[in-house]
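These are my notebook entries on one protein chain. I looked up its pockets, its strands and its salt bridges in turn.

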Amino acid sequence: MTFSFYGCPTGPEMLVMPRTKTREVFTNMVRGDLPTPGAQVITPFQRADTGDIILVNRGFVPDEKRAPSTRVNGQLQGRVSIEGIVRLGEKSMCQEAGAKPILIDVAEEYTPTDGYPLGGQTQINIRNEHLQYIITWYSLSAATLLMWYAFRRNHGGGGRRLPPTRFPSPLPSQEAYPKSM
(Lines give C-alpha, C1' and ligand atoms only; values in the text may rest on other atoms or scores of the structure.)
Protein backbone atom coordinates (compact mmCIF):
# COMPACT_ATOMS: atom_id res chain seq x y z
CA MET A 1 0.00 0.00 0.00
CA THR A 2 1.42 3.39 -0.93
CA PHE A 3 1.19 6.34 1.38
CA SER A 4 2.01 10.01 0.91
CA PHE A 5 2.28 12.85 3.41
CA TYR A 6 3.93 16.19 4.08
CA GLY A 7 6.38 16.42 6.93
CA CYS A 8 9.64 17.70 8.31
CA PRO A 9 12.71 15.70 9.35
CA THR A 10 12.90 15.83 13.14
CA GLY A 11 16.04 14.05 14.17
CA PRO A 12 19.36 12.59 13.14
CA GLU A 13 19.54 9.88 10.51
CA MET A 14 19.87 6.30 11.59
CA LEU A 15 21.87 3.84 9.49
CA VAL A 16 20.82 0.21 9.23
CA MET A 17 23.74 -1.84 8.00
CA PRO A 18 25.20 -3.90 6.48
CA ARG A 19 22.93 -3.71 3.45
CA THR A 20 23.30 -3.94 -0.31
CA LYS A 21 21.56 -2.22 -3.16
CA THR A 22 18.50 -4.41 -3.79
CA ARG A 23 18.41 -3.92 -7.55
CA GLU A 24 22.08 -4.81 -7.79
CA VAL A 25 22.05 -8.08 -5.87
CA PHE A 26 20.63 -10.41 -8.50
CA THR A 27 22.11 -8.75 -11.60
CA ASN A 28 25.64 -8.70 -10.27
CA MET A 29 25.52 -12.20 -8.86
CA VAL A 30 24.68 -13.56 -12.31
CA ARG A 31 27.83 -11.89 -13.64
CA GLY A 32 29.83 -13.02 -10.61
CA ASP A 33 30.34 -9.53 -9.13
CA LEU A 34 29.77 -8.81 -5.46
CA PRO A 35 27.06 -6.26 -4.59
CA THR A 36 28.07 -2.85 -3.21
CA PRO A 37 28.09 -2.83 0.62
CA GLY A 38 26.38 0.05 2.37
CA ALA A 39 23.49 1.05 4.63
CA GLN A 40 19.84 2.10 4.61
CA VAL A 41 19.18 5.67 5.77
CA ILE A 42 16.25 5.91 8.20
CA THR A 43 15.03 9.41 9.09
CA PRO A 44 12.32 10.34 11.60
CA PHE A 45 9.68 12.69 10.13
CA GLN A 46 6.94 14.65 11.83
CA ARG A 47 3.73 14.59 9.82
CA ALA A 48 2.35 18.07 9.07
CA ASP A 49 -1.30 17.01 9.42
CA THR A 50 -1.25 15.00 12.67
CA GLY A 51 2.10 15.79 14.30
CA ASP A 52 2.90 12.07 14.61
CA ILE A 53 6.50 11.03 14.18
CA ILE A 54 7.08 8.17 11.74
CA LEU A 55 10.25 6.64 10.36
CA VAL A 56 11.09 6.92 6.68
CA ASN A 57 13.55 4.58 4.97
CA ARG A 58 15.00 7.03 2.46
CA GLY A 59 17.08 4.38 0.70
CA PHE A 60 20.52 2.91 0.20
CA VAL A 61 23.88 4.66 0.53
CA PRO A 62 27.23 2.97 -0.20
CA ASP A 63 29.82 2.84 2.57
CA GLU A 64 31.71 5.88 1.20
CA LYS A 65 28.50 8.00 1.33
CA ARG A 66 27.38 7.07 4.86
CA ALA A 67 28.35 10.45 6.34
CA PRO A 68 25.66 13.10 5.63
CA SER A 69 28.35 15.59 4.58
CA THR A 70 29.23 13.38 1.56
CA ARG A 71 25.69 13.68 0.14
CA VAL A 72 24.72 17.30 0.59
CA ASN A 73 21.95 17.19 -2.05
CA GLY A 74 20.39 14.27 -0.18
CA GLN A 75 19.83 16.25 3.04
CA LEU A 76 16.21 17.27 3.56
CA GLN A 77 15.25 20.52 5.27
CA GLY A 78 11.87 22.06 5.95
CA ARG A 79 8.53 20.68 4.87
CA VAL A 80 8.77 18.03 2.14
CA SER A 81 6.44 15.60 0.40
CA ILE A 82 7.12 11.91 0.93
CA GLU A 83 5.53 8.97 -0.89
CA GLY A 84 6.33 5.34 -0.36
CA ILE A 85 5.27 1.88 0.69
CA VAL A 86 3.95 1.35 4.22
CA ARG A 87 5.57 -1.37 6.30
CA LEU A 88 5.32 -2.26 9.94
CA GLY A 89 8.29 -0.62 11.58
CA GLU A 90 11.03 -2.17 13.63
CA LYS A 91 9.69 -1.84 17.18
CA SER A 92 13.03 -1.17 18.87
CA MET A 93 14.06 1.41 16.28
CA CYS A 94 10.64 3.14 16.49
CA GLN A 95 10.79 3.23 20.30
CA GLU A 96 14.31 4.67 20.21
CA ALA A 97 13.15 7.46 17.88
CA GLY A 98 9.86 8.01 19.74
CA ALA A 99 7.95 7.19 16.55
CA LYS A 100 4.79 5.30 15.67
CA PRO A 101 5.44 1.65 14.66
CA ILE A 102 5.26 2.51 10.95
CA LEU A 103 8.07 2.56 8.42
CA ILE A 104 7.69 4.18 4.99
CA ASP A 105 10.04 2.97 2.23
CA VAL A 106 10.32 5.91 -0.19
CA ALA A 107 9.67 5.50 -3.89
CA GLU A 108 12.48 5.74 -6.44
CA GLU A 109 11.24 9.16 -7.61
CA TYR A 110 12.43 10.65 -4.31
CA THR A 111 16.11 9.91 -4.98
CA PRO A 112 18.05 13.21 -4.88
CA THR A 113 19.95 14.55 -7.90
CA ASP A 114 23.35 13.26 -6.73
CA GLY A 115 21.83 9.78 -6.39
CA TYR A 116 22.01 9.10 -2.64
CA PRO A 117 20.17 7.90 -0.67
CA LEU A 118 18.82 5.71 -3.45
CA GLY A 119 15.08 5.19 -2.92
CA GLY A 120 12.82 2.51 -4.34
CA GLN A 121 14.69 -0.40 -2.79
CA THR A 122 11.59 -2.30 -1.64
CA GLN A 123 10.96 -5.41 -3.71
CA ILE A 124 7.49 -6.97 -3.62
CA ASN A 125 7.47 -10.46 -5.04
CA ILE A 126 4.33 -12.53 -4.72
CA ARG A 127 4.98 -16.15 -5.54
CA ASN A 128 2.78 -17.69 -8.21
CA GLU A 129 2.36 -21.34 -7.22
CA HIS A 130 -0.71 -22.06 -9.37
CA LEU A 131 1.06 -24.37 -11.85
CA GLN A 132 2.46 -26.44 -9.00
CA TYR A 133 -1.01 -26.75 -7.45
CA ILE A 134 -2.57 -27.77 -10.78
CA ILE A 135 0.07 -30.46 -11.36
CA THR A 136 -0.26 -31.77 -7.80
CA TRP A 137 -4.04 -32.03 -7.73
CA TYR A 138 -4.45 -33.41 -11.26
CA SER A 139 -1.74 -35.99 -10.54
CA LEU A 140 -3.54 -37.05 -7.38
CA SER A 141 -6.82 -37.26 -9.32
CA ALA A 142 -5.21 -39.38 -12.04
CA ALA A 143 -3.59 -41.70 -9.47
CA THR A 144 -6.93 -42.13 -7.67
CA LEU A 145 -8.68 -42.91 -10.95
CA LEU A 146 -6.02 -45.52 -11.87
CA MET A 147 -6.28 -47.17 -8.46
CA TRP A 148 -10.09 -47.26 -8.69
CA TYR A 149 -9.86 -48.80 -12.17
CA ALA A 150 -7.36 -51.45 -11.02
CA PHE A 151 -9.53 -52.29 -8.01
CA ARG A 152 -12.68 -52.64 -10.12
CA ARG A 153 -10.85 -54.75 -12.70
CA ASN A 154 -9.46 -57.18 -10.11
CA HIS A 155 -12.44 -57.32 -7.76
CA GLY A 156 -15.65 -57.80 -9.63
CA GLY A 157 -15.51 -55.35 -12.47
CA GLY A 158 -17.38 -56.10 -15.68
CA GLY A 159 -20.51 -57.56 -14.05
CA ARG A 160 -18.69 -60.48 -12.43
CA ARG A 161 -19.21 -60.75 -8.67
CA LEU A 162 -17.44 -62.90 -6.15
CA PRO A 163 -19.68 -65.01 -3.91
CA PRO A 164 -19.97 -63.77 -0.35
CA THR A 165 -17.62 -65.44 2.08
CA ARG A 166 -19.26 -67.63 4.75
CA PHE A 167 -17.81 -67.03 8.14
CA PRO A 168 -18.38 -69.52 10.96
CA SER A 169 -20.73 -68.29 13.64
CA PRO A 170 -18.86 -66.86 16.60
CA LEU A 171 -21.48 -68.34 18.98
CA PRO A 172 -21.39 -72.03 19.87
CA SER A 173 -24.28 -74.07 18.64
CA GLN A 174 -27.14 -75.17 20.93
CA GLU A 175 -25.95 -78.75 20.83
CA ALA A 176 -22.82 -77.89 22.76
CA TYR A 177 -24.83 -77.18 25.92
CA PRO A 178 -26.69 -79.87 27.86
CA LYS A 179 -30.42 -79.47 28.08
CA SER A 180 -31.63 -78.48 31.46
CA MET A 181 -34.29 -80.49 33.18
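**Entry 1: pockets.** I began with the terms. On a 1 Å grid over the protein atoms alone, a pocket is an open set of points where a 1.4 Å probe fits, with protein on both sides within 12 Å along at least five of seven lines; a residue lines it if one of its atoms lies within 4 Å of a point. Grid points are joined across faces, edges and corners, and a volume is the space filled by probe spheres set on the points.

I noted the source next. The model is predicted, so local features need pLDDT of at least 70 and side-chain atom pairs count only at pLDDT 80 or more, while totals for chains, interfaces and linings use all residues. Residues are numbered from 1 along each chain as its sequence is written, and side-chain values use heavy atoms, with hydrogens and water left out.

I found about 260 Å³ of space in the largest pocket. Its lining has 19 residues, and Arg19, Gln40, Asn57, Arg87 and Asp105 are the closest to the centre. I sorted the lining by class, counting Ala, Val, Leu, Ile, Met, Phe, Trp, Tyr, Cys and Pro as nonpolar, Asp, Glu, Lys and Arg as charged, and the others, Gly among them, as polar. The largest pocket has nine polar, five nonpolar and five charged lining residues.

The second largest pocket holds about 180 Å³ of space. Of its 13 lining residues, Arg58, Leu76, Tyr110, Thr111 and Pro112 lie nearest the centre. Here the classes are seven nonpolar, four polar and two charged.

**Entry 2: elements and strands.** I took helices (H or I, at least four residues) and strands (E, at least two) as DSSP runs, numbered from the N terminus. The chain has three helices and six strands, in the order β-β-α-β-β-β-α-β-α from the N terminus on. Strands β2, β3 (37-47), β4 and β6 each supply at least two residues to the lining of the largest pocket. For the second largest pocket, β5 gives the largest share, three residues.

I then asked which strands pair with β6. Two strands pair if DSSP finds at least two bridges between them. Strand β4 (residues 53-62) runs parallel to β6, with three bridges; Leu55 stands opposite Leu103 there. Strand β5 (residues 80-88) runs antiparallel to β6, with five bridges, and Val86 has Ile104 as its bridge partner.

I also checked burial (buried is under 20% relative accessible area, exposed over 50%, partly exposed in between, with a 1.4 Å probe and protein chains only). In β6 (residues 102-106), four of the five residues are buried. Over the 181 residues of the chain, 28% count as buried.

**Entry 3: salt bridges.** Side chains of opposite charge can pair when their charged atoms come close. I counted a salt bridge where a side-chain nitrogen of Lys or Arg lies within 4 Å of a carboxyl oxygen of Asp or Glu. The count is four.

One of them joins Glu13 and Arg58, with N to O at 3.0 Å. Glu13 lies in the loop between β1 (2-9) and β2 (14-20), and Arg58 in strand β4, 45 residues apart. Glu13 counts as partly exposed because its relative accessibility is 21%, whereas Arg58 is buried because its value is 7%.

Another joins Asp49 and Arg47, with N to O at 2.7 Å. Asp49 is exposed at 55%, and Arg47 is buried at 18%.
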